[in-house]
Amino acid sequence: MRSALRVPTLALALLACSGAVRTARAEAVRVLSADDRGLTVEVRTPALAFTTPDAHGEVRIAGLPDAAHTLGLPGHPALPAFSALIALPPGASPTARVVSAIGEESRSGVRVAINGRPVFLQDEAGLGTIGGMERLTSQLTGTWPEQPFVLGAPTNFRGRRLVALELRPYRVEPGGERVLRTGTLVVRVDFGTSAAGLGVGVSDRHVDPALATTVLNWSQAQRWRERPAPPMRPRDAFAAQRLPGQLAARGTEAQVRVRIDTTGLHVLPYDELARNGFPSGTPLAQVQVLRREPIASPAVGQPPFVELELPIDVQDMDADGVFGPGDLVWVYVRTWAERSGASMYQRQWGDAEVVYVTRDAGGG
């Protein structure tokens with residue numbers, strides 16, 4: 001499996017592949033010690049062994065536990081590495097350092113296979129465009145990988161802080177024909193904060209069983225889960241983003257309700273609006289188009305929504321400065337389903353947005 005150590009993706013992938021990670025914990029990466037300020041981990045590797053050279057005279061490192069994956073950077077040797085998912089206490093800013101690297105072994109005169117680059121090719125059998133791998137020459141400019149570990153960026157997952165640690169006990173020197181192995185690599189991960197005094201965390205019956213087989217330090221991390229904030233409904237999220245120009249609900253001016261079922265730029269003719277109650281003699285500057293956004297907890301006596309003003313362009317066909325016969329309002333509207341991220345169940349009531357064309361004496 002190739003690895004770019006994208007932490008959120010890796011974290012979820014490890015959750016999905018609990019069997020593989022359990023093997024990693026048992027045969028490759030293990031915790032030597034753990035305390036309130038961090039943990040020390042170790043990976044042990046077998047003696048160097050190689051596959052039979054391929055048609056290009058290149059080999060791969062053999063005899064590895066199933067937990068190993070391959071560093072897949074194009075143009076670089078396909079070297080093994082090991083990953084672990086580590087839980088962090090709240091507020092942690094983790095760092096890592098090598099404690100020891102012992103049991104060095106090297107082998108010269110071997111050419112480790114170079115990772116190719118994924119490309120699209122035309123199938124010789126006429127099946128159209130298919131995926132393939134473009135062969136590359138080595139792009140090494142120095143010893144690679146440069147560091148024996150990579151610590152990812154912490155990510156939040158259901159009230160927990162997680163970080164991915166990748167251990168890289170194999171490296172290749174410039175020229176690409178000398179392979180080195182660290183027999184035992186020990187790395188310390190410091191939390192940057194203390195977990196002392198943290199009480200029993202909130203359990204999560206939906207995820208905790210999977211985390212127990214994927215998180216390296218699960219035994220110490222169970223109590224570190226914070227209660228997640230209740231999810232904000234999409235419509236409340238919009239209402240919370242109150243910007244200058246957003247308006248409170250109006251109760252006096254006439255509002256013409258317009259239902260729009262397609263995202264795009266729409267034209268609202270004055271003649272149609274007037275037939276539905278829009279006031280005549282409205283100066284161009286006072287024409288407004290609003291949409292309503294529900295709010296969860298309105299103040300006493302206030303309507304359960306706010307009105308947000310949409311950008312518009314009023315086309316004055318007769319250039320008289322008044323919104324009247326023949327004039328047009330241009331407005332870009334996104335459907336409710338698109339802008340709110342509504343579920344398929346919610347969309348049973350329709351995808352359309354409703355806007356309100358009105359007049360504001362203070363200026364639109």
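**Entry 1: the overall build**

I began with a count of the elements and found 7 helices and 22 strands in the protein. I noted that this is a predicted model, so I am reading a computed picture throughout. Next I looked up burial: 40% of the 364 residues are buried. I also checked contacts with a separation of 6 or more, and residues 24 or more positions apart account for 70% of them.

**Entry 2: strand E5**

Which residues of E5 are buried on each side? I started with the total for this strand, residues 80-88, and saw that 9 of its 9 residues are buried. On one side I listed Pro-80, Phe-82, Ala-84, Ile-86 and Leu-88. On the other I listed Ala-81, Ser-83, Leu-85 and Ala-87. Both faces of E5 are covered.

Then I looked for the partners of E5. Strand E4 (residues 69-71) pairs with E5 in the antiparallel sense over 2 bridges, and I found His-69 bridged to Ala-81 of E5. Strand E11 (residues 160-167) also runs antiparallel to E5, joined by 7 bridges. Here I picked out Ser-83, whose bridge partner in E11 is Glu-166.

**Entry 3: strand E17**

I moved on to E17, residues 287-294. Why is this strand largely enclosed by the rest of the structure? I found that 6 of its 8 residues are buried, so the strand is largely enclosed.

With strand E22 (residues 353-359), E17 pairs in the antiparallel sense over 5 bridges; Leu-290 stands opposite Tyr-356 of E22. Strand E18 (residues 305-309) is joined to E17 by 5 bridges, again antiparallel. There I noted Arg-292, with Glu-307 in E18 as its bridge partner.

**Entry 4: a patch on the surface**

Last, I went to the outside. Which residues form a nonpolar patch on the surface? I found Leu-121, Leu-127 and Ile-130, with about 280 Å² of accessible area together. I followed up on Leu-121, which lies in strand E7 (residues 117-122). Its relative accessible area is 42%, so Leu-121 counts as partly exposed.

Definitions and conventions:
Residues numbered from 1 in each chain as written. Predicted model: local features only at pLDDT ≥ 70, side-chain atom pairs only at ≥ 80, totals over all residues. Heavy atoms only, no water. Helix = DSSP H or I, 4+ residues; strand = E, 2+ residues; numbered from the N terminus. Buried < 20%, exposed > 50% of the residue type's maximum accessible area, 1.4 Å probe, protein only. Contact = heavy atoms within 4.5 Å. Patch = residues over 30% accessible without salt bridge, like charges linked within 9 Å, V, L, I, M, F, W, Y side chains within 5 Å. Areas by Shrake-Rupley, 256 points an atom, 1.4 Å probe, with all protein chains shown as cover. Salt bridge = Lys/Arg side-chain N within 4 Å of Asp/Glu carboxyl O. Pairing = 2+ DSSP bridges.
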